[in-house]
Structure formats: C-alpha cells, structure tokens
Amino acid sequence: MRTLYISLKSEFYKSRKTLAFWAAILLPVIICGLISFGFYSESEKVIAAHNPPVILWAKYSGAALGVMGFLIMPFYVIFMAFSVNNIEHKNDTWKMLFAQPLNKFAIYAAKYLYAVFLIFLCLFLFASLTFAFGHLLQVLVPKFNFNQYNPLSFLINAYAKLFLSALGILSFQFILSLLWSDFLKPMGIGFVGTIMGIITANIGWKYAYLIPYSLPALALKITKVKKGTDPLDFPIFTQEIWTSLIYAAILFIIGYFIVTKKSIK
Amino acid sequence: MGNYAIETVGLNFNFGNQAIVKDLSLQVPKGSIYGFLGPNGAGKTTTIKILLNLLKSPSDQVFLFGKEINSNRIAILKRVGALVEQPAIYGHLTGRENLINRCILLGIKKTKADEMLALVGLTDAADKKASKYSLGMKQRLGIAQALISDPELLLLDEPTNGLDPNGIIEIRNLMIELATKHQKTILVSSHLLAEIERTATHVGIINKGQLLFQGTIDELHLLSKPMLEIEVNNIESASTFIAKAGYEIVAQTDKKITVPFNSAQKSGELNTLLIQNGFTVSSLYQQRKDLENLFLDITKTN
C-alpha cells in the first residue's frame, strides 16, 4: 500500500506541469464556461421558450454531457491513457522506474489509478461547474428558473455513469499505450474505435454494448421515460456500466502481465 | 560467496534465438571498482540490466550480496544505484525536480536532492529544465540519481559517455573516492581500456557475450604485454644487430622495429647500444596493446 501511495505521489509530481494534468482542469472550465456564456448571451431566447425548470436544467447540462459523451470523452480518455504512459516512453524512464526497489504491481497500478483519477477529476469538475455556473446564471439573469429544481442527483448520476462507462476504453487504451511508444497507433485505433462506437450506439445495434467505445454514448441514452416520473432520474448500474467495469477489470489484469513480461531493452 | 557483491554463475541470456550472454560467471568483490570492459554490443548493458532484474534471468544464476535476484528483487534493489545507458531523466522537469521525484520514490528526505546537485556540480543549473541540459550535464544528473539513495553497490554503464576531459576526471575521482572512503562497490562498464585502467581494481573483459578475462588490474597488465617501438635509420642492419644482441623482434616494418618492453632501464640500455653502434634512433617509446589486440590475445590463449 505504501508503494502504491508513493508511486501515485510520484505520478502527480511528474505530471503536474504537463498538458495531460492541466487538460483535466481546463477542459471542463472551458466547455462549461462557453455553454454558460451561450445561455447568458441568449438568455432572452431561452426564457421565451418557457421551459419548466427540469427541462431547462436538462438542456443546459445536456449541452456539456452531449459533446462529452459522444466525442470528447473517448478522445480525452485515449489522450490520458497515452500521456500517463508516454511520460515514461518519451524520457526512456521505464528502466529507471522498474529498477527502483518498488513492487512492480504497485508501479503499474499507480499509473492506471492516476489515469482514472485524471478522468474522475475532469468529470467531477464538469458536474460541479455545471451546477455552479447554472446557479451563477440564475443570479445574473433572475428570470431564469434554475433555482426551482435541484439537479444535483441528476448530475451525479449522469457523470458517474459517464465515468464508469469510460473505464473500459481506458483499460484498453492503457494497454495500447503501454505497448507502443508512439502516439499514432493508440490514437488511430482509438479514433476508429470511437467512430465505430458512435455509429453502433446511434443505430442501436443489439451488440453495441460489447464495443467499449460505444459505452459512454450508450450510457447517456435516456431510454423510455415513464410518464409521471422524473425524466432525469435513471439508474446508474445498467448493462453498459457492467460491461465497462468487466472490460476494465479484465484488461487491467492483462495489462499487469504485459508489464511483468515487458522486456526493458 | 559472502565476499562478492555480485556473483553470476554460468549466466545465459537470450533475446529470442539470439544468445546475448553466454555462460557468464562474474565475480565482483566487495569494495572493488570492477571495470566491465568490452566493445559495443558485447553484452555489457544487457548484463547490467540483468543485474537490476530489468531483464529476467534464469533462477539461481545471479546473486547480489549473496542473495538470488529473482526472489529478493526489492531487498537487493534497495542497496543498488544504477545508471543504465542514457540517463533516465524527465525532460520537462528541472534537475532538482528529477532528484526530488527520486526522493519521493525512495522515501528519502528531499534535502538530499540539493546535496547531490552540489556533489555533481549542478547546483547552478538546478532549476533549469533537464531537456535543456547538455549531454554531460544529463550524465551528471544520472550519476546523482544513482547516488541519491547512498547505495552500497553502484552499476554505472559508461558513465563518462559524453563528458569533456574535465568531467571525465571528476567522475573518475568521484568513483575512486566512493570506493576508498565510503567502501562502495562499483561496477563500471566501458569500451575504453585506458579509461578502466585508471580507476579499476578488478577487470572483466566480455566479448560476444562471453567473459574472456577476469582478474585484478595487475593480472591484466601481465597479459597486456607492453611493447617497445623503435624508429631507427638503416632498419635492416639495425634489426640484425638487435637480434644479435639477444632481443626478440616481435614485428618489423620499413620504419620501426617492435621488441617486448621489459623496463625503462632496459629500454635505455638498448637505446645506448644502438647509438654506440652508429645507428640514429629517432624515436623509442613504450606501446601498450590496444583493446582489440588484447582481445585477440586473450581469445587466442583461451
């Protein structure tokens, strides 16, 4: 456990000046900022539509969730998996890392967990900023009715789903980036996978849930809203989430065997 | 076994079908500076990686401090510092940050980073990004990283690579100081015999994965018989004269005659003899065999 802790600490220390770390913070700030600015500058139009508070929150947070779920999220995950490994490939530091008196599994697990943490941080900021900026809009434009609905449980549910559904992609991309030092191979495979995921998720292919890349999109599809119930209230642990977690667990273990067999030439 | 910091017993290592290390039996005594000598591609770096367990060796072939490496990896690595090939440095971090990162991983005080920077003369460049360092500075930072945990055994893979003459002398002195004052054991690889001769107490010579020679530096000197090269006029009669005087002529070209070197005094006597007999000696010097010839010699005797 101590090894895992110091390895995580070292991962943070190494990456705190890199784009990968700052992307986790800048991405939500920029996207939420832009959406909120859009709502602010077009406030009259939005108010004129007379949306009930639930729908207003749904539209407002859906703007961020939509782009995230379909496009940015898979690429962001691909980029994180790449950059956590690339820091060692680029500097030729794998040999140094594995020549330390540290347990190999802890080194590997710390890298993986750090990538998970960066994704969590990013999504956590998305949820928090959506909530905060929504209330800020209410203060700036009192005619909005953001204050009449509490979106907290919806935001937590939606982003938790997005987070969990991304873990399958993360584990897969993590292995690719572990094996190859260049950017193009994992990025290329990830790109093709993402496009495939978007298409299969959108046409509603029966087995789309077996493709890790389609899981974030699938997870955010709100299927069949029962009348009279809150449309923003949905279960977290659906089939997509379980699939993603199973993928993540299996690929994480395979990744470890790759690490132990990895010849450091 | 207790007297060796490193001992390998008939170590074999392959990459696929290609044998990189063959039946290697290293014996590195504690407190020695062991010069690990061999041309490029001889298997030096591979051996060092095996000693760090970066490459997995067959069981019961590699022992550090008398312990088998595969089953005591962490305990052994705690006592070892290493510099393998190019120093492993994060380019986006400063020199100090690179050392602090190592402190975090090893659980040692961060103040140690500044001590090490001073030791290798990088204090002024401590806050400069490591990617902006020159090759020599990177090498120093690599050595600082190897030394930071105050290890008993240091594995240095061509540590003077890319250093200027000043830097080479500093590293040389540092190694001697570490071994004599701090009782560290140092295994240092090189492809330059002259470099090893100046520091090492023990030498191992490897070629094509096989250990051709292992022993103290004096034992090596016995093998690498120095020669006396004489440039003289009238070369044909000079050579007949030298042979008559009882010297063995090893080689002769149209410019110089090579005879075995015995001592400085004997060389002087031969010089006097030649001059007294009317020869003009334009040059007379001791020549050590270069590494290649030494290799040939050692392979021949094996």
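Predicted model: local features only at pLDDT ≥ 70, side-chain atom pairs only at ≥ 80, totals over all residues.

Reply: Residues are numbered from 1 along each chain as its sequence is written, chains are lettered from A and ligands numbered from 1 in the order in which they are written, and side-chain values use heavy atoms, without hydrogens or water.

In chain B, 6 strands form an open sheet with mixed pairing, in the order β8-β9-β10-β5-β11-β12. β8 (80-83) and β12 (210-216) of chain B each have a single partner strand and stand at the edges, so one side of each lacks a neighbour in the sheet. On average, and with direction ignored, neighbouring strands of this sheet are turned by 15 degrees against each other. Strands (E, at least two residues) and helices (H or I, at least four) are DSSP runs numbered from the N terminus; two strands pair if DSSP finds at least two bridges between them.

Leu83(B) has Leu156(B) in β9(B) as its bridge partner.

Two helices pack on the sheet. Helix α1 (residues 44-51) of chain B touches β5 (33-37), β9, β10 (185-190) and β11 (202-207) of chain B, and its direction makes about 150 degrees with that of β9(B). Helix α6 (residues 165-181) of chain B touches β5, β9 and β10 of chain B; the angle between its direction and that of β10(B) is about 155 degrees. Contact here means heavy atoms within 4.5 Å. Axes are lines fitted to C-alpha atoms, for helices over the stretch in contact, with angles from 0 to 180 degrees between N-to-C directions.

As for the chain as a whole, an automatic or database domain assignment divides chain B into domain 1 (4-222) and domain 2 (226-301). The centres of these two domains of chain B, taken over C-alpha atoms, are 39 Å apart. Between them, 13 residues of domain 1 of chain B are in contact with 7 residues of domain 2 of chain B.

The secondary structure of chain A, by comparison, comes to 10 helices and 0 strands.
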